[in-house]
Amino acid sequence: MVYTTDGFTWTPSAGRRNGLPTIGVVQPPEYSIQPDDDVHDVIVIGAGYAGLIAARDLTTQGKTTLLLEARDRLGGRTWNATINGFHYEVGGTWIHWHMPHIYRENPGSKEDYFTATTGHEQRNMSHEEEADIAGRVLRIFCNLDGDDLKHAWQYPLGTTQPSAALLAQWDQRSCQDRLDEVHDRLSAEERSVLEAQLLQMGGGRSLDRIGLLGALQWWALGGHTPTGLNDTALHTRLRSGQSALHRRVFAHAASTGRLSHRFCAPVRRVEDRGDLVAVTLRDGRVCTARAVICTVPLNVLAGVEFVPELPPDKAAAVRHRSVNRCIKVHVDVNGPDWLSWSALGTPGRGLVSAFGDHLTNAGNSHLVCFGPDPEAPAGISLGDVEAVQAAVTHLLPKDKQAGVIINRIVSHDWNKDEFSNGTWCFMGPEATSKYLSALQRPHGNILFASADWSNGWRGWIDGAVQSGMEAARALTQTKDVSGHGVFGTSKMTNGVK
C-alpha cells in the first residue's frame, strides 16, 4: 500500500514515523483526457467529498472536468489509513441515514461503562446513566424556548428556519454566554460533561469563541432529543473505510472518459476572464475552463488569489475563518477490555473525550479521542507523544491507569496542515448570520462548495456531499444562452444565469 505524506504513527518499539499507508493516494498523480492547453468545461479545485461528488456528477452529465488537488491523495479532511488491516479514520468518520446526501452513497467488553472526570474527581457509571446525564445537560443547554426548538427549528435541513431575526439573535451569543445562564441549574459534574461535549463539538480555544448557533443546529439535526445527536452522529463507520468510498466515486467519474486529474497541484490564483476561468498552480502552470468549482476549506481560502477580487462581504467571511482547531487521536490499548468504555471530562490534560470504537485485528481496543485547540489552557501538541499518552491516561479510571498499555497512536495535525489549517468548520458568535450567505454565493463563473458553508450538516461529511451536489447541479442546469461555450459569458448569480 502506498504511503501519503500526511499523518503519523507511534509505537513503543519504532517510535514516531511520519506518513501513513492509505488507498487514497492516486498514482500516477496526473492524467489528462485532452491536451493541456485545451479548455475544460469545469475545473474542480479539491478532491475531498465536495470536490469528488461535484466531479462525479459533472462527468456523468457530460462535462469534461479537471480535478485539481494539492495533496497526494483523495479525501481532503476525510480519509483513512490502514495499518495491519485496521482502518484508522484520520478525519471525518461517521454517517447515518438521517444524513441523506452521504447515505445515498453508502457486544460489550470488560470495561463496559462511562467515566466522568471533573477536575481531580472521577465517577464511573453505566452507559444508561451516561446517556441520561449527557443528554439531560445538552437539553437544558439547547432548550431556549421551552419547546426544545421543535417548532422554531423544526426543519434543520431547510433554509427557511429559524427566522432571520431569531437566527441573528441566537448567533450573537457564544456557548459560554448560554452556559453562564444555566450554570446554577447544573452540578459541577454536569457542567464538566456539558463543557466536554461543547468543546468536542466546536474545538475552540475556549467556549466564549464557539458560537451558540452551531450547537443549536446540531441539536436540531439530532431530532431535538437528548441522545439524538450521538445516536446519529456517532452511529456508523464504513467497514471498508472512507478512502474506499472516495476511490469508488473517483473511479465512477474516471469511467466516463471525461475526467482529468492533477494531484500534488496546489492552486495559487483563480482568474475569471469572462469567457473562461484561468487557474494558476504554484508551479506556474495554467489550466482553463468555462467554470470553476472551488472546494478549498474556509481556513485556507485566503491563500488563493481571486481575480477579480472577492466582494467585500465574501472577503470578510474568508478572513473570519472557523474557530475549530481541535485534535483527534487514535489510541490502541492492549487487549479487548476497553472496547465499550467511554469518557468525558474537563478541564482535562489535552483531551476531553474518548470512546472505544472497534477492536483492531490484533485484538486490541481502539479508542478515538478528541481534545480542544492546542493553544487552549489545557491544550497539548500532537508533536509531544508523552503529553498525548498522559492525556489519555488522565481520562481512564484512576484504579486502572497503571495497567493500561498503549500500543499505538495514530493522528494527523490538521492545525499545522497548510491545506486545512483546522478541522471541521464551527463558527464563532455572529459569524453564521453575517457570512454564510456570502460564502455560498458564486463569484462570476466561480462557484464555491464545501462542508464549511453547507446548509444542514455543516462541517460534516454529509454537508460536503450536499454542497458538491448542489454546485454540480447548478452548472449542469445552466443553459448556453450566449452561443459562447458551454456556460456562455454572462455572470452567474446564485449558481444560475
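The chain averages a pLDDT of 92, and 93% of the residues score at least 70; pLDDT is the predictor's confidence in each residue, from 0 to 100. Over residues 480-497 the pLDDT is below 50, yet this stretch has 47 contacts beyond near neighbours in sequence (contact: heavy atoms within 4.5 Å). This is a predicted model: local features need pLDDT of at least 70, side-chain atom pairs count only at pLDDT 80 or more, and totals for chains, interfaces and linings use all residues. Residues are numbered from 1 along each chain as its sequence is written, and side-chain values use heavy atoms, with hydrogens and water left out.

**Largest nonpolar core**

- This core has 41 residues; Phe141, Leu194, Leu198 and Met201 touch the most other members. A nonpolar core is a set of buried Ala, Val, Leu, Ile, Met, Phe, Trp, Tyr and Cys residues joined through side-chain atoms within 4.5 Å.
- Helix H7 (212-221) is one of the elements that each supply at least two residues. H7 gives the largest share, eight residues. Helices (H or I, at least four residues) and strands (E, at least two) are DSSP runs, numbered from the N terminus.
- Beyond four places in sequence, Phe141 touches residues including Leu194, Leu198 and Leu212.

**Phe370**

- Phe370 lies in strand S20 (residues 365-371).
- Phe370 counts as buried because its relative accessibility is 5% (buried: under 20% relative accessible area; exposed: over 50%; partly exposed: in between; 1.4 Å probe, protein chains only).
- Leaving aside neighbours within four places in sequence, its contacts include Trp94, Gln200 and Trp424.
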